[in-house]
Amino acid sequence: MRASILPRYGAPELLTLAELPRPVPGPGQLLVRVVASAVNPVDLEVRSGSKADHITHDFPMILGWDLAGVVEECGSGVARFAPGDRVVAMSAQLATGVGTHAQYVVLDAGLAARAPHTAELAHTAALPLAGLTAHQALDALAPPEGGTVLITGAAGAVGGLAVQLAVARGLKVLAHGRPGDADRLHALGADEAYSSQRPVPPGAADGLLETAGLPRAVAGVRDGGRAVSVVPLAPPVSERGVEVRMSFVEQDGRRLEELSGLVDQGVLTLRVERTYPLAEVGAAHRRLAAGGSRGKLLISPWD
Ligand SMILES: NC(=O)c1ccc[n+]([C@@H]2O[C@H](COP(=O)([O-])OP(=O)(O)OC[C@H]3O[C@@H](n4cnc5c(N)ncnc54)[C@H](OP(=O)(O)O)[C@@H]3O)[C@@H](O)[C@H]2O)c1
């Protein structure tokens with residue numbers, strides 16, 4: 001099979017195509033024929049080596065966390081899936097070393113979920129990492145019923161899904177993005193759209209979900225409220241009794257299946273900006289690093 005491999009830490013240009021043996025599923029595992037994967041900020045961090053102090057893997061390394069594809073083969077003991085099933089999954093590549101920028105991926109069946117059937121299969125690769133991150137961070141925030149949440153980076157992958165999930169939970173959503181994002185944020189269901197040109201009123205929200213690397217957004221939380229950040233490089237600092245927590249995404253096939261259901265119910269929309277062939281994963285890294293993407297950057301491993 002073909003895969004995009006990283007021979008050592010460094011620049012996007014290092015990513016190159018390689019022919020590797022097709023992996024074989026063990027007990028409880030699935031072999032998935034990947035239809036699409038996606039690029040996430042963590043891939044850029046792993047590639048550059050900035051995560052190497054925490055976890056290192058052998059080279060060559062395959063990057064990528066998200067996948068959408070079709071089950072090719074099931075290992076022994078897999079009852080939930082059968083060959084031919086359309087699935088999505090998140091592989092925590094940083095922890096497991098299993099990357100998804102390849103034509104085939106083997107992973108534990110418990111990490112997979114049925115793909116939404118109302119969306120083009122390739123586009124559902126936009127869901128796993130960003131969707132699970134948003135879902136789990138909102139759970140950690142646990143705002144009061146009918147309360148108000150401030151979501152930063154709301155036009156981004158995690159933030160955009162968080163806005164839609166929060167609206168579906170009956171919360172009032174204050175969305176913070178770039179000055180040009182207001183229409184987009186309202187289209188996602190936000191009640192108010194804020195930016196550097198229209199600052200959030202101090203203390204306006206019960207809780208903050210921070211996805212943009214803007215720790216000072218904590219000023220928008222009322223006294224004694226809560227802030228949850230998914231950006232460890234720039235954690236908010238507690239003030240006025242605001243409790244600050246970090247949230248780190250965890251693999252969870254069952255939760256992912258709930259998110260698939262929300263796509264089918266029209267609660268979540270999947271936004272895709274562009275699809276790159278496997279040979280151009282490096283170009284997708286450069287595009288993501290440049291900022292301004294307003295949809296996921298997907299990787300098509302068969303082009
Ligand atoms: N803790 C975890 O488990 C976890 C999981 C997933 C992601 N993350 C982290 O969460 C963050 C968001 O990930 P993502 O995939 O959603 O990235 P993304 O799609 O690039 O979204 C980030 C959004 O924040 C916006 N933004 C950045 N600086 C801003 C500013 N000064 N003012 C207004 N908006 C600003 C960006 O706008 P522009 O594009 O215009 O810059 C973009 O819309 C990343 O740092 C990622 O590493 C953490």
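Trainee: How far is an oxygen atom of the ligand from a polar backbone atom of alanine 157?
Mentor: That distance is 2.9 Å. For reference, a polar contact is a pair of N or O atoms within 3.5 Å; within protein, one must be able to donate a hydrogen and the other to accept it, and residues adjacent in sequence count only if both atoms are side-chain atoms. Before we go on, keep in mind that this is a predicted model, where local features need pLDDT of at least 70 and side-chain atom pairs count only at pLDDT 80 or more, while totals for chains, interfaces and linings use all residues. Residues are numbered from 1 along each chain as its sequence is written, and side-chain values use heavy atoms, with hydrogens and water left out.

Trainee: Got it. Which residues come nearest to the ligand?
Mentor: There are 23 residues around the ligand, and Ala157, Val158, Ser247, Val249 and Gly292 come nearest. Being near here requires a heavy atom of the residue within 4 Å of the molecule.

Trainee: What do serine 247 and glycine 292 do there?
Mentor: Serine 247 has a backbone N or O atom 2.9 Å from a nitrogen atom of the ligand. For glycine 292, a backbone N or O atom is 2.7 Å from an oxygen atom of the ligand.

Trainee: And how much of the ligand's accessible area does the protein cover?
Mentor: On its own the ligand has 910 Å² of accessible area, and the protein covers 79% of that. The areas come from the Shrake-Rupley method with a 1.4 Å probe; for residues, only the protein chains shown count as cover.

Trainee: Which elements give two or more residues to that shell?
Mentor: Those are helix 1 (41-48) and helix 4 (157-168). Helices (H or I, at least four residues) and strands (E, at least two) are DSSP runs, numbered from the N terminus.

Trainee: What's the shell like by class?
Mentor: It has 10 nonpolar, 10 polar and three charged residues. In this scheme Ala, Val, Leu, Ile, Met, Phe, Trp, Tyr, Cys and Pro are nonpolar, Asp, Glu, Lys and Arg are charged, and the others, Gly among them, are polar.

Trainee: Why would you say the ligand lies between the two domains?
Mentor: Because domain 1 (2-127 + 270-300) and domain 2 (130-246) both give residues to the shell around the ligand. The domain bounds come from an automatic or database domain assignment.

Trainee: Switching topic: which residues touch the most other members of the largest nonpolar core?
Mentor: Ile151, Val163, Val173, Leu185, Leu209, Leu259 and Leu268, out of 67 residues in that core. A nonpolar core is a set of buried Ala, Val, Leu, Ile, Met, Phe, Trp, Tyr and Cys residues joined through side-chain atoms within 4.5 Å. Helix 3 (residues 128-141) gives the largest share of this core, eight residues. Domain 1 and domain 2 each supply at least three residues to this core.

Trainee: Is asparagine 40 buried or exposed?
Mentor: Asparagine 40 counts as buried because its relative accessibility is 3%. Buried is under 20% relative accessible area, exposed is over 50%, and partly exposed is in between (1.4 Å probe, protein chains only). You'll find asparagine 40 in the loop between strand 3 (29-39) and helix 1, and its side chain makes a polar contact of 2.8 Å with the side chain of aspartate 66.

Trainee: What about proline 202, buried or exposed?
Mentor: Proline 202 counts as exposed, at 73% relative accessibility. It sits in the loop between strand 11 (192-194) and strand 12 (205-210).
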